Amino acid sequence: MTEAGTLTRADLAESLHKQVGLSRADSSRLVEQILDNMCGALSKGENVKISGFGTFVLRDKGERIGRNPKTGVEVPIAPRRVLTFRASQMMRDRIVGG
């Protein structure tokens, strides 16, 4: 991982290279293919579940009234689709355990 504490595509590819023994180019391609498949499924409206990690779920949010905090003026917020992530119990346990 980088100093900022963010795991990047390059970090994932490097980890694959070291742990599995794939070439750096193959590792990078594999990471890209996995992410492309996930994005493709989500764009089709499918949920993505990774066993032992968590689930990416698409939710439709209805229109609602919001308020500008600076002026207090009410504004309608358009309906939209949002992506949420729900960690698996195994992942939660690992995070709590440190």
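Before you click anything, a definition: a helix axis here is a line fitted to C-alpha atoms over the stretch in contact, and angles run from 0 to 180 degrees between N-to-C directions. Helices (H or I, at least four residues) and strands (E, at least two) are DSSP runs, numbered from the N terminus. You're looking at a predicted model, where local features need pLDDT of at least 70, side-chain atom pairs count only at pLDDT 80 or more, and totals for chains, interfaces and linings use all residues. Residues are numbered from 1 along each chain as its sequence is written, and side-chain values use heavy atoms, leaving out hydrogens and water.

**Stop one: two helices**

Select residues 9–20 (α1) and 24–43 (α2): they pack at about 125°, with axes 8 Å apart. That makes the pair oblique, because only angles under 35 degrees (roughly parallel), over 145 (roughly antiparallel) or 65 to 115 (roughly perpendicular) get another label. Now show side chains: in α1, Leu12 and Leu16 are among the residues that meet α2, whose side includes Leu30, Val31 and Leu35 (contact means heavy atoms within 4.5 Å).

**Stop two: a hairpin**

Next, pick β3 (64–67) and β4 (74–77), antiparallel strands joined by 4 bridges; strands pair if DSSP finds at least two. Find Arg67, opposite Glu74 in β4. Of the 6 residues between the strands, click Gly72 in the turn, with its positive phi of about 80°.

**Stop three: two rings**

Finally, select Phe53 and Phe85, a tilted aromatic pair, 5.3 Å centre to centre with 50° between the planes. Rings of Phe, Tyr and Trp (its six-membered ring) pair if their centres lie within 6.5 Å; planes under 30 degrees apart are stacked, over 60 edge-to-face, the rest tilted. Phe53 is in the loop between β1 (48–50) and β2 (54–61), and Phe85 is in β5 (80–87), 32 residues apart.
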